[in-house]
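Colleague: I am new to this one. Can you take me through the terms as we go?

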Amino acid sequence: CDAAKNGTARVGGLEAPKFADDETTFAQLQERISKTLAWLETVPANAFDGREAQDITFPTGKDKTRTMSGDAYLKHYALPNFFFHVVTAYNLLRQGGVDLGKMDYLMGAKT
């Protein structure tokens, strides 16, 4: 949720909502996802217009930041970070015995 809302806010020049990070149940986590999706739906598509060259400064540790253009941030930080977490979850599920294969990762749910 943080990657989705913070990445969107950074590229769009918006203020991301802050959540308490105190969820302890799956129901609470699902509620957090719902709140994130609801916020994302309020972001107008034109918030990203012309933001490719806009500098984005973001935290990369407790006391560190990095500055990149919007285009570089999206291509070289936000999207790779997203796919890192997708692959990590995929691998953990496979290791746990879930019947997933390469095509599930590449193409999503079977229809």
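**Pocket, helices and terms**

Modeller: By class, 13 nonpolar, five polar and two charged residues line the largest pocket. Ala, Val, Leu, Ile, Met, Phe, Trp, Tyr, Cys and Pro count as nonpolar, Asp, Glu, Lys and Arg as charged, and the others, Gly among them, as polar. This is a predicted model: local features need pLDDT of at least 70, side-chain atom pairs 80 or more, while totals for chains, interfaces and linings use all residues. Numbering starts from 1 along each chain, and side-chain values use heavy atoms, without hydrogens or water.

Colleague: What makes a space a pocket, and how much space lies in the largest pocket?

Modeller: On a 1 Å grid over the protein atoms alone, a pocket is an open set of points where a 1.4 Å probe fits, with protein on both sides within 12 Å along at least five of seven lines. The largest pocket holds about 700 Å³. Among its 20 lining residues (an atom within 4 Å of a point), the closest to the centre are Cys1, Asp2, Ala3, Ala4 and Phe82. Helices H1 (2–12) and H3 (70–95) each give two or more residues to that lining.

Colleague: Why are H1 and H2 called roughly parallel?

Modeller: Their angle is about 20°. Angles under 35 degrees count as roughly parallel, so H1 and H2 are roughly parallel to each other. Their axes, lines fitted to C-alpha atoms over the stretch in contact, lie 10 Å apart.

Colleague: Which residues of H1 and H2 meet?

Modeller: Contact means heavy atoms within 4.5 Å. Asp2, Ala4, Lys5, Thr8 and Ala9 of H1 meet Arg32, Thr36, Trp39 and Leu40 of H2. That contact has four nonpolar, two polar and three charged residues.

Note on methods
Grid points are joined across faces, edges and corners, and a volume is the space filled by probe spheres set on the points. Helices (H or I, at least four residues) and strands (E, at least two) are DSSP runs, numbered from the N terminus. Axes are lines fitted to C-alpha atoms, for helices over the stretch in contact, and angles run from 0 to 180 degrees between N-to-C directions. Angles under 35 degrees count as roughly parallel, over 145 as roughly antiparallel, 65 to 115 as roughly perpendicular and the rest as oblique.
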